[in-house]
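Here is a short report on one protein chain. Look over the sequence and the model, then read on.

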Amino acid sequence: MSNVVVGLPVGRGLLYLIVAGVAWGTAGAAASLVYRTSDMGPVALSFWRCAAGLALLLGARMLVPRARPAVTEAPGLRVRRAVATGVGLAVFQTAYFAAVAATGLAVATVVTLGAGPVLIALGARLFLGERLGRGGAAAVAGALAGLAVLVLGGGETTVDPWGVLLALLAAAGYSAMTLFTRWWGRNGGLDASGTTVGAFAVTSVLLLPFAAAEGLVPDSAEPALLLCLLVYVAAIPTALAYGLYFAGAAVVRSATVSVIMLLEPVSAAVLAVALLGERLTPAMLAGTLLMLGSVVGLALDEARGARAGRAEEDPAPA
């Protein structure tokens, strides 16, 4: 993966986001297995996820030759970007886990991932000048309907006002992270690998005291399995997925990013049925199909828009 996303084709950015969304969905299944095999808490898991992911990325940057950046960045800009994305990531993860504890997984997921596309679409329109259009608005509405059916259609839910506020805070952190990434990508390019490293470093520092209070070293009857699970969580849905996310989010419209990343609950639902023995309900199937249809439609619209933009910039010779 290229370190600097100047000139990254939109089609490749869409592919990066799709892979990242699917990979993020596997984190939930891995976390469920971590909780089954140890007494590790969610904040400690989030800390180790970011800290170990940071170590893996730093190792990869040392071993893999990096292309020379197309744009020279001032050190102050790199620091500001790392702080902004790291704070957004820390707020997103921590507030989401707290919302799950307060109001349950279903409501926390729907509010966080449902409010995210709305906040991102509004922010992109106000601060980036990106228009969603009727087709995009319909795709976002379809994706949110599918999310609600997928998560809420299978059982009873309990709504806690404090949990809803925490979920909205998580959505705000995710939205800010996405909008900042898109803005930097449009204004001179983005070092995706460096952005991921900086974000993980800031997030790890912010989460460390809370993880220490919760308990950094878990007890487990199967320490080897726990270690394998933690390595997987750090490598695939963290180091790889966030690197792809930051690269793709820099070149794809922010609202499109938010809808594509709704592949996370779809991936998690598929794994829950395939690996964790959960039952496939009609609501899960209907919600999955709605969300996949919206993702495909919005991705095709994004790709057509990118091709049209290139055609305007490079007209055919007479």
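## Cavity and aromatic cluster

The count comes to 1 cavity of 30 Å³ or more. This is a predicted model. The largest cavity has a volume of about 50 Å³.

Which residues line the largest cavity? The lining is made up of W24, F92, L113, G116, P117, Y174, S258, M261, L262 and E264. By class, the lining of the largest cavity splits into 7 nonpolar residues, 2 polar and 1 charged. Helix α4, residues 105-128, gives the most to this lining, with 3 residues. Rolling a probe the size of a water molecule over the atoms shows where empty space is left.

**Aromatic pairs**

W24 is one of the residues that line the largest cavity. W24 also belongs to a cluster that ring pairs build, together with F200, Y242, Y245 and F246. The structure holds 8 aromatic pairs. The table gives two of them.

| Pair | Centre to centre | Angle between planes | Arrangement |
|---|---|---|---|
| W24 and Y242 | 4.9 Å | 50 degrees | tilted |
| Y245 and F246 | 5.2 Å | 65 degrees | edge-to-face |

Why does the pair of W24 and Y242 count as tilted? The ring planes of W24 and Y242 stand at 50 degrees, so the pair is tilted. Planes under 30 degrees apart would count as stacked, and planes over 60 as edge-to-face.

The pair of W24 and Y242 links distant parts of the chain. W24 sits in helix α1, residues 10-37. Y242 sits in helix α8, residues 223-249.

Are W24 and Y242 buried or exposed? Both W24 and Y242 are buried. Y245 and F246 are buried as well.

**The chain as a whole**

What is the secondary structure of the chain? It comes to 11 helices and 0 strands. From the N terminus on, the elements run α-α-α-α-α-α-α-α-α-α-α.

The chain has 318 residues, and 49% of them count as buried. Its accessible surface comes to about 14,900 Å². Carbon and sulfur atoms account for 69% of that surface.

Methods
Residues numbered from 1 in each chain as written. Predicted model: local features only at pLDDT ≥ 70, side-chain atom pairs only at ≥ 80, totals over all residues. Heavy atoms only, no water. Helix = DSSP H or I, 4+ residues; strand = E, 2+ residues; numbered from the N terminus. Buried < 20%, exposed > 50% of the residue type's maximum accessible area, 1.4 Å probe, protein only. Areas by Shrake-Rupley, 256 points an atom, 1.4 Å probe, with all protein chains shown as cover. Phe/Tyr/Trp six-rings, centres within 6.5 Å; stacked < 30°, edge-to-face > 60°. 1 Å grid on protein atoms, 1.4 Å probe; cavity = no way out; pocket = protein on both sides within 12 Å on 5 of 7 lines; lining within 4 Å. Points joined across faces, edges and corners; volume = space filled by probe spheres on them. Nonpolar A, V, L, I, M, F, W, Y, C, P; charged D, E, K, R; others polar.
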